[in-house]
Amino acid sequence: MIIVTRIGVTDEEIDQIRERVEALGLRTHISKGETHTVIGCIGDEELLEHAPLQAIPGVESVHPVMKPFKLAAREFAAQPTRIPLGGVELGAKEVVVIAGPCSVEGEQMILDTARAVSAMGARGLRGGAYKPRSSPYSFDGMGLEGLELLARARETSGLPIVTEVMDTRQVEQVAGHADVLQIGARNMQNFALLTEVGRVQRPVLLKRGMSATIKDLLLAAEYIMKQGNTHVILCERGIRTFETATRNTFDLAAIPVLKKETHLPVVADPSHAGGRTDLVIPLAAAAIAAGADGLLVEVHPRPIEAVSDGEQSLTFEQFDEMMAALRPVAQAVGRGLASGAPG
Ligand code: PEP
Ligand code: MN
């Protein structure tokens with residue numbers, strides 16, 4: 001249920017509405033827009049059924065949210081959600097680029113990558129310390145040591161860290177080192193994990209499952225938000241289809257659809273979507289043109305030596321080339337690339 005306030009509502013009136021809803025046993029989420037404030041009611045809506053909310057001073061209208069996802073629905077917030085990341089915001093006017101290797105492989109490579117991508121305009125550092133691998137015999141990450149190396153890379157580069165958490169038992173440890181918790185495609189419907197990351201005070205980057213619909217993705221976000229963590233970033237990373245020319249099929253349309261359906265920021269991962277270095281720049285450009293708020297891109301000092309996803313990773317030089325190619329695209333759609341000082 002959402003309550004929309006009238007133009008010119010006072011802070012006292014908003015407090016009174018909030019208190020009334022909370023007294024009925026629900027939680028509230030306040031979202032201030034330019035003219036109206038939206039008060040989202042979280043919890044058992046039946047408790048509101050007979051309450052004369054319309055009569056509270058300051059209330060203009062009361063609406064049920066008709067979508068299966070409520071907290072993630074566009075109408076739940078008066079304006080798009082902005083999620084702070086270092087010195088910039090995801091979901092604001094400027095496009096935020098997050099870059100780094102698929103996996104943290106050692107100290108030198110992660111520090112070198114952090115320094116290089118930061119100098120070239122990245123505003124976040126990605127890198128997996130815990131890696132979901134299709135084969136149990138593949139390298140599955142450096143674990144805690146990898147997290148410590150990421151924390152060191154943040155110190156030297158100033159870039160906030162985005163890294164994957166795969167298991168409820170790792171949430172506390174990963175949240176202790178990372179700035180953003182990544183939920184990988186293979187775990188998008190790991191409901192216990194979604195619930196657990198919903199309880200921590202860290203933004204979550206939620207990747208679309210390879211056979212998940214857009215609705216499934218939004219419902220997965222809802223699991224996280226229902227626990228109180230409303231800082232969810234959605235990521236389109238390609239889905240499985242019959243096509244074999246690319247690793248996955250990049251669902252470009254998901255970006256404008258998500259931007260319509262939700263107030264949450266939407267990013268795209270052109271690396272996993274195409275699975276090929278030569279496709280990263282065109283897919284990244286398409287994502288920005290379609291309205292993506294950010295990008296998650298794999299970059300490695302020497303992709304041919306990478307222990308995972310080398311075939312889709314950019315060299316530093318290619319990353320620089322990508323940033324140059326993206327600037328005019330962002331400008332053409334009335335945006336720019338975020339360049340606020342990291343850290
Ligand atoms: C990754 O980001 O390296 C990764 C494993 O991605 P996904 O979960 O989208 O496959
Ligand atoms: Mn990868």
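Which strand holds Thr 5? Thr 5 is found in strand β1 (residues 2-5), where strands are DSSP runs of E of at least two residues and helices are runs of H or I of at least four, numbered from the N terminus. This is a predicted model, in which local features need pLDDT of at least 70 and side-chain atom pairs count only at pLDDT 80 or more, while totals for chains, interfaces and linings use all residues. Residues are numbered from 1 along each chain as its sequence is written, chains are lettered from A and ligands numbered from 1 in the order in which they are written, and side-chain values use heavy atoms, with hydrogens and water left out.

**Thr 5**
- Thr 5 counts as buried, at 0% relative accessibility; buried means under 20% relative accessible area, exposed over 50% and partly exposed in between, with a 1.4 Å probe and protein chains only.
- A polar atom of the Thr 5 side chain lies 3.0 Å from the backbone nitrogen of Thr 37.
- Leaving aside residues up to four places away in sequence, Thr 5 touches Ile 14, Ile 17, His 36, Thr 37, Ile 39, Gly 58, Val 59 and Glu 60 (contact means heavy atoms within 4.5 Å).

- Glu 298 is buried at 0% relative accessibility, and Asp 309 is buried at 11%.

**Ligand 1**
- Residues surrounding ligand 1 include Cys 102, Arg 126, Ala 185, His 272 and Glu 298 (a heavy atom within 4 Å).
- Oxygen atoms of ligand 1 lie 2.8 Å from a side-chain N or O atom of Arg 126, 2.7 Å from a backbone N or O atom of Ala 185 and 3.2 Å from a polar side-chain atom of His 272.
- Taken alone, ligand 1 exposes 300 Å², and the protein buries 97% of that (Shrake-Rupley method, 1.4 Å probe).

Terms used. A polar contact is a pair of N or O atoms within 3.5 Å; within protein, one must be able to donate a hydrogen and the other to accept it, and residues adjacent in sequence count only if both atoms are side-chain atoms.
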